[in-house]
Amino acid sequence: MAETPILKASLPLTLDPQKVFRQRLQVNGQLPVASLKRLGESLLDEDGTVSASLLFEVDMERRLRIRGSASAEVNVTCQRCLQPMKLQLEDKIDLVLVSTDAQSKALPVNLDPWFCGEDEMLSPADIIEEQLILAMPIVSMHIRCIDVNSAQDETVKNQIESETARKNPFAVLAGLRSRSD
Ligand SMILES: [Zn+2]
C-alpha cells in the first residue's frame, strides 16, 4: 500500500528570478514523486519522495547559477525479470539561467543552460524533475538479473559500476582490495 509521504518542508512552487539570485537564496525541501508527472512516465508507481536543495547565486563571471542536488528512491521495473526494483536516483545540479538561445550558446561546454523567459517565474519542481530524468539509467536491471555472458548486459554492468564509482569511490577501492587478497 502506498504511504502518504510526510514532507519535511515543501519546496516553494515558484520563485522570482529577479530576486532569488540577488538574495543568494537557498531552498531545501522535499516533494512527492507523484507530483512529477513526466518523471512518473518512466517509473512503476508514484511512491517516493524527492529531497532537494537549490542555491541561486551570481557567480564570478556574473552568470546566474543554480546549484544543488536532488535525490529520490523510486520503483521501476527490472527489464530482465519484469519484477519491481528500487532505484536510487541522485544528481548534482549545476545550471546557468538563460533567457535566449544566444546566451545558451555562449556558455562553456561544461555548463548546462536553464531557460527562463524574461518575465517568467522559476519552478524548482521543474528544475528537479528535469535533472532526475537525466539521472535515470538507460536500462534498469537487478544486479542478480545481469547475465555476465551477454555483451549487452556487460554494458549495464559497467554502467552500474561506474555509477557506484562516481557516488562512492572508496567502495570500488575496497572491492579492488578484496579481489586482490
Ligand atoms: Zn530482475
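Author: Two strands pair if DSSP finds at least two bridges between them. Strands themselves (E, at least two residues) and helices (H or I, at least four) are DSSP runs, numbered from the N terminus. This is a predicted model, where local features need pLDDT of at least 70, side-chain atom pairs count only at pLDDT 80 or more, and totals for chains, interfaces and linings use all residues. Residues are numbered from 1 along each chain as its sequence is written.

Reader: How many helices and strands are in the chain, and in what order do the elements run from the N terminus?
Author: The chain has six helices and five strands. Going from the N terminus, the order is α-β-α-β-β-β-α-β-α-α-α.

Reader: In what order do the five strands form their open sheet?
Author: The pairing is mixed. At the edges sit strand S1 (26–32) and strand S5 (112–115), each pairing on one side only. The twist from one strand to the next averages 35°. Reading across the sheet, the order is S1-S2-S3-S4-S5.

Reader: How many bridges join S3 to S4?
Author: These two strands run antiparallel and form a hairpin with six residues between them. The number of bridges joining S3 to S4 is 13.

Reader: And S4 to S5: parallel or antiparallel?
Author: Four bridges join this pair. Leucine 97 has tryptophan 114 in S5 as its bridge partner, and valine 98 stands opposite phenylalanine 115 in S5. S4 and S5 run parallel.

Reader: Which residues have the most contacts inside the largest nonpolar core?
Author: A nonpolar core is a set of buried Ala, Val, Leu, Ile, Met, Phe, Trp, Tyr and Cys residues joined through C-beta atoms within 7 Å. A residue is buried if 20 or more other C-beta atoms lie within 10 Å of its own, exposed if 12 or fewer, and partly exposed in between, with C-beta atoms placed from the backbone. The largest core here has 28 residues, and those with the most contacts inside it are Val50, Ile66 and Leu132.

Reader: Which element gives the largest share of this core?
Author: Helix H1 (17–23), strand S2 (49–58), strand S3 (64–77), strand S4 (84–98) and helix H4 (124–135) each supply at least two of its residues. Nonpolar side chains tend to be buried together in soluble globular proteins. The largest share, seven residues, comes from S4.

Reader: At about what angle does H4 run to S4?
Author: H4 lies across S1, S2, S3, S4 and S5. Its buried residues are Pro124, Ile127, Ile128, Glu129, Gln131 and Leu132, and their cover includes those strands and helix H2 (37–40). For the angle, axes are lines fitted to C-alpha atoms, for helices over the stretch in contact, and values run from 0 to 180 degrees between N-to-C directions. H4 runs to S4 at about 125°.

Reader: What positive phi does leucine 82 have, although it is not a glycine?
Author: Most residues other than glycine have a negative phi. Leucine 82 lies in the loop between S3 and S4 and is exposed, because 8 other C-beta atoms lie within 10 Å. Its phi is about 60°.

Reader: Near what value is the phi of arginine 62?
Author: Arginine 62 is found in the loop between S2 and S3. It has 6 C-beta neighbours inside 10 Å, so it counts as exposed. Its phi is positive, in a residue other than glycine, and is near 65°.

Reader: Over which residues does pLDDT stay under 50?
Author: pLDDT is the predictor's confidence in each residue, from 0 to 100. The chain has a mean of 86, and 86% of its residues reach 70 or more. Where pLDDT is low, the predicted coordinates should not be read in detail. The stretch under 50, for which the model has three contacts beyond four places in sequence, is residues 171–181.

Notes:
Two residues are in contact if their C-beta atoms, placed from the backbone, lie within 7 Å.
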